[in-house]
Amino acid sequence: MHARYDDSVTQVSGRTTLTVRRARGLAPAPLPCPAPDAVLGAGAQSKHTFTLAADGRAHLAPHGGDLADPATYDAFTTSYAHLRALTGIEPRAVAHDLHPDYLSTRWAGERHLPLVPVQHHHAHLAACAAEHGLTGPFTGVAYDGLGLGDDGTLWGGEILVADLTTYRRVARFATAPLPGGEAAVRHPWRTALGHLHGAEFSHPVPETRELFGGRVDPRRITAVRTLVERRLNSPRASSAGRLFDAVASLVGLVDSVSYEGQAAVALEAAAGRTRAVPLDHRVVRVDGLWVYDTAPTLADLLRRRADGAGPAHLAAAFHETLARATAELVGRAVESGAPRTVCLGGGCFVNRRLLGDVRRQLRAQGLRVLVGTAVPVGDGGISYGQAAVAAARLAAARVAGTKE
């Protein structure tokens, strides 16, 4: 039988080799996984993989791509039948993302198996924990583009206290609107306007004669500001990935993208190894959560831009700021009793500059910091995390039933 395989992709961060895309030469070689029961992780929507796990081992299927593409979806269903026959694993339950419109979620519902819904960012962090054999509580930092939260809003800049069965949110990024929804993801200048004119916390923003240097039609800017101000088709998100998009546009690097993460890649490249004084930032307490207020950060960035700072300086200052804000959020959580072992997950940590800065800041606080190496930190590792959570919940339910 023939099987479709893309090339695997790895990268080096410090002394750590990270798997960005697990495919040819790596998948579906077994990985350790606390999964005594046979379970299936259906994965996410983009960078799709699925995972079959049983008897303490997990088979993470090769990278597939975006399930919205019909050829990718067909390859997924074929690959599932192939891997199930190859491993002999017949899952007792299937774990899936909370997002009802993910094709992986719909596919999971058609399996006629017990369903285990797993929140997107919990899955990211569970993947890191399971790879490192961590079953007890940990503090997790999950930074990515977008994932549906358990409150029905869009998350993406989250600090959780979790184990493989449960989690609670202890900190987050401030929310900002995405004017036009998906259009904001494709056009970071829209996200920038959302942050400047609709952020959760108001903050004086310096006036700029040409916010985007004449690259965007002023009439389009006015139309998008109207969406933000009237709260029309502008879902709010606490997303680290979308903040990267906004900054990349404001420093003049990227206004429109052709693939997910393009703006963040440009911002990382611009920062290089440049060091800069961090931008202003503020951490506040809101409804029992610590919140990184991004408004002072963007206001300071625009002030420095007006004073002549170039993209390299601004990009480096932003990375430094994000690492410091992360360290402060985690530090506040630890002071309140959160575990001192920290798992990092989410596609933003493919960014080597961010990963290195965050690890340094957290280790300076005496914290143990873990990141996935064999399992991708991005959505390619979601299914592995889902399988670990499903297996842990099944085991916990069995123990509870025995005690009863």
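This report describes the overall build of one predicted protein model and then a handful of its residues.

## Basis of the model

Because the model is predicted, local features are reported at a pLDDT of at least 70 and side-chain atom pairs count only at pLDDT 80 or more, whereas totals for chains, interfaces and linings use all residues. Residues are numbered from 1 along each chain as its sequence is written, and side-chain values rest on heavy atoms, with hydrogens and water left out.

## Overall build

The protein chain contains twelve helices and 17 strands, where helices (H or I, at least four residues) and strands (E, at least two) are DSSP runs numbered from the N terminus. Its radius of gyration is 21 Å, close to the 22 Å that the globule rule gives for 404 residues, so the chain is as compact as a globular protein of that length; the radius is taken over C-alpha atoms, and the rule is 2.2 Å times the number of residues to the power 0.38. Along the principal axes, the C-alpha atoms fill a box of roughly 65 × 45 × 40 Å.

Of the 404 residues, 57% count as buried, a class that means under 20% relative accessible area, with exposed meaning over 50% and partly exposed lying in between (1.4 Å probe, protein chains only). Among contacts (heavy atoms within 4.5 Å) with a separation of 6 or more, 69% come from residues 24 or more positions apart.

## Surface and charge

The accessible surface of the protein chain comes to about 16500 Å², and 51% of it belongs to carbon and sulfur atoms; these areas come from the Shrake-Rupley method with a 1.4 Å probe, and for residues only the protein chains shown count as cover.

The chain carries 44 positive and 38 negative side chains, and the centres of these two sets lie 4 Å apart. In this count Lys and Arg are positive and Asp and Glu negative, while His and the chain ends are not counted; each charge is placed at NZ of Lys, CZ of Arg, CG of Asp or CD of Glu.

## Cysteines

The structure holds zero disulfides, a disulfide being a pair of cysteine sulfur atoms within 2.5 Å. For C128, the closest cysteine sulfur is that of C343 at 3.8 Å, which is too far for a bond, and for C343 the closest is likewise that of C128. C128 is buried at a relative accessible area of 2%, and C343 is buried as well, at 0%.

## Backbone features in loops

Most residues other than glycine have a negative phi, and most peptide bonds are trans. In this model, the peptide bond from A27 to P28 is cis, with omega near 0°, and P28 is found in the loop between β2 (16-21) and β3 (30-32).

K47 lies in the loop between β4 and β5 and is partly exposed, with a relative accessible area of 35%. H112, by contrast, is exposed at 76% relative accessibility and is found in the loop between α2 (103-109) and β8 (115-118).

## Buried loop residues

S46 sits in the loop between β4 (39-41) and β5 (51-54), yet it is buried, with a relative accessible area of 17%. Leaving aside neighbours within four places in sequence, S46 is in contact with G65, D66, E260 and D379. The C-alpha atoms of S46 and L67, which are 21 residues apart along the chain, are separated by 6.2 Å.

P91 lies in the loop between α1 (70-87) and β7 (93-97) and is buried at a relative accessible area of 8%. Beyond four places away in sequence, P91 touches A38, V39, L40, L52, Y80, R84 and L113, whereas P91 and T222, 131 residues apart in sequence, are 53 Å apart in space, C-alpha to C-alpha.

L279 is placed in the loop between α8 (262-271) and β14 (282-286) and counts as buried at 3% relative accessibility. Not counting residues up to four places away in sequence, L279 touches T297, D300, L301, R304, A317, F318 and T321. From L279 to A58, 221 residues apart in sequence, the C-alpha to C-alpha distance is 43 Å.
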